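Welcome, and please open your viewer. We will take a short tour, selecting one piece after another.

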Amino acid sequence: MSLRLSEAEYHALLKRQGTSPILPGKGPSKWPHIPCEEDGWKFDSRDERDEYRDLKLRVSAKQIIDLKVHPVYTFVVNDKKIGIYTADFSYTEKGQLIVVEVKNPANAKERSFRRNCKLMWAHHGIEVVVVVRSPRSRR
């Protein structure tokens with residue numbers, strides 16, 4: 001027995017299962033991320049959305065203030081813009097600005113991400129807090 005799906009149905013099925021299409025030469029994604037939305041914000045993964053929920057609770061408990069979603073930081077050298085970095089979140093806690101990035105264990109080690117963290121420290125004096133969440137079990 002064979003089942004025929006349109007391309008849209010196929011992608012919808014993959015999205016529900018939390019997997020990505022298998023491209024030639026590539027296996028299924030090791031870290032499936034399902035984009036989600038909450039309060040009008042779009043998040044790249046459920047882990048990022050869950051961190052947003054946790055931070056909202058901390059705002060309502062008055063532990064943190066000035067929560068920002070996807071704040072953008074610009075890197076400028078000699079009056080030339082050399083790049084930008086969009087963090088997942090930023091907030092103020094006890095008068096100190098905290099920038100948060102939600103990553104899975106594999107992506108937290110990426111060279112480009114580590115470079116952005118170093119640039120944030122060098123240009124803005126801000127250390128990026130990395131929240132690493134373990135991968136969810138596949139169902």
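Which residues make up the largest nonpolar core? Keep in mind as you look that this is a predicted model. Select Phe 43, Tyr 52, Leu 55, Ile 64, Val 69, Phe 89, Tyr 91, Ile 98, Val 100, Val 102 and Val 131: these 11 residues form that core. At least two of its residues come from each of α2 (46-60), β6 and β7. The biggest contributor is β7, which gives three.

Now select strand β6, residues 89-93. Is this strand largely enclosed or open? Four of its five residues are buried, under 20% relative accessible area, so the rest of the structure largely encloses β6.

Next, look at the partners of β6. On one side of the pairing list is strand β3 (residues 65-69), which runs antiparallel to β6 and is joined to it by three bridges. To see one of the pairs, pick Val 69 and its bridge partner Phe 89.

Stay on Val 69 for a moment. Leaving aside residues up to four places away in sequence, Val 69 touches Trp 41, Phe 43, Tyr 52, Asp 88 and Phe 89.

Then move to strand β7, residues 96-103, which is antiparallel to β6 and linked to it by five bridges. Here Glu 93 has Gln 96 as its bridge partner. Two residues lie between the strands of this hairpin, and Lys 94 takes a positive phi near 55 degrees.

How values were computed: Residues numbered from 1 in each chain as written. Predicted model: local features only at pLDDT ≥ 70, side-chain atom pairs only at ≥ 80, totals over all residues. Heavy atoms only, no water. Buried < 20%, exposed > 50% of the residue type's maximum accessible area, 1.4 Å probe, protein only. Pairing = 2+ DSSP bridges. Core = buried A, V, L, I, M, F, W, Y, C linked by side-chain atoms within 4.5 Å. Contact = heavy atoms within 4.5 Å.
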